[in-house]
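Subject: Structure handover and notes

Dear colleague,

Here is the structure you are taking over. My notes on it follow below.

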Amino acid sequence: MSLLINKIFVSHDALHELITNYFSISLYSEILCPAYIETIAINMAAELAHEGLKVCLVDLDLQFGDICYYLKLAPKLTIADAQKDMKEHPKDAAAAEFLTPYKKGKVQFDVLANPKLMEEAYNMETPIIRALVQQLQLEYDYVIVDTTST
């Protein structure tokens, strides 16, 4: 099950219905600014985790992602490190090794952080990102992908 969060504007009831009734969700709207989208993605991950589901939140706003900042996480590894590892060891690379755990109270989920450096963001490759997300989909009930707003 995965969720693609790009640009969202839905009511709480509609969002709950979408989460509980569908396996794969793409939601789009031009109304909210990117900071609100990140907040919705974080809250969606937290709610799903609170319900006992295994959740991974992927920050694919590669240049300006703030998910780790909002969650007060200091990731040691990012998606850029995962890409480097996949290039060096294509058959042995595991996306889960590059996740940063988030835990507060009973809410626990993992985060794949955006690159720390701008040059890393510019050098990300779509096929590798796709492979990372596909790996995560095999291990998690939900993979929530927060993308850039453009």
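What pLDDT does the protein average, and what share of the residues score at least 70? The model is a predicted one; its average pLDDT is 79, and 75% of the residues reach at least 70. Two stretches fall below that. Residues 1-16 have a pLDDT below 50, although the model gives this stretch 53 contacts beyond near neighbours in sequence. Over residues 18-31 the pLDDT also stays under 50, with 28 contacts beyond four places in sequence. Where pLDDT is low, predicted coordinates should not be read in detail. Please treat the contacts of residues 1-16 and residues 18-31 accordingly.

Overall layout

The protein has 150 residues, and 46% of them count as buried. Its secondary structure consists of 6 helices and 6 strands. Starting at the N terminus, the order of elements is β-α-β-α-β-α-α-β-β-α-α-β.

Valine 58

Valine 58 belongs to strand S3, which covers residues 55-60. Its relative accessible area is 0%, so valine 58 is buried. Beyond its neighbours within four places in sequence, valine 58 contacts Leu112, Leu136, Val143, Ile144, Val145 and Asp146. Aspartate 110 is 52 residues away from valine 58 along the chain, yet their C-alpha atoms are separated by 8.5 Å.

Helix H4 and its charges

Helix H4 spans residues 79-88 and contains aspartate 85. Aspartate 85 is buried and has no salt bridge; lysine 84 has the nearest side chain of opposite charge, 8.6 Å away. That is outside the 4 Å cut-off for a salt bridge. Setting aside neighbours within four places in sequence, the contacts of aspartate 85 are Pro90, Ala93, Ala94 and Phe98.

How many salt bridges does the count come to? The count is 1. Its partners are lysine 87 and glutamate 125, whose closest N and O atoms are 2.5 Å apart. The pair links distant parts of the chain, 38 residues apart: lysine 87 is in helix H4, and glutamate 125 is in the loop between helix H5 (118-122) and helix H6 (126-139). Lysine 87 has a relative accessibility of 48% and so counts as partly exposed. Glutamate 125 is also partly exposed, because its relative accessible area is 31%.

Aromatic rings

The whole structure contains 2 aromatic pairs. One of them joins tyrosine 102 and phenylalanine 109, with ring centres 5.0 Å apart and planes at 40°, so this pair is tilted. Tyrosine 102 and phenylalanine 109 are both buried. Elsewhere, lysine 54 lies over the face of tyrosine 140, 4.9 Å from the ring centre.

Lysine 72

Lysine 72 sits in the loop between helix H3 (67-70) and H4. Is this residue buried or exposed? Lysine 72 counts as exposed, because its relative accessibility is 76%. Its phi is near 60°, a positive value in a residue other than glycine. Most residues other than glycine have a negative phi.

Regards

Methods: Residues are numbered from 1 along each chain as its sequence is written. This is a predicted model: local features need pLDDT of at least 70, side-chain atom pairs count only at pLDDT 80 or more; totals for chains, interfaces and linings use all residues. Side-chain values use heavy atoms; hydrogens and water are left out. Helices (H or I, at least four residues) and strands (E, at least two) are DSSP runs, numbered from the N terminus. Buried means under 20% relative accessible area, exposed over 50%, partly exposed in between (1.4 Å probe, protein chains only). Lys and Arg count as positive and Asp and Glu as negative; His and the chain ends are not counted. Contact means heavy atoms within 4.5 Å. Rings of Phe, Tyr and Trp (its six-membered ring) pair if their centres lie within 6.5 Å; planes under 30 degrees apart count as stacked, over 60 as edge-to-face and the rest as tilted. A charge sits over a ring if NZ of Lys or CZ of Arg is within 6 Å of the ring centre and within 35 degrees of the ring normal. pLDDT is the predictor's confidence in each residue, from 0 to 100.
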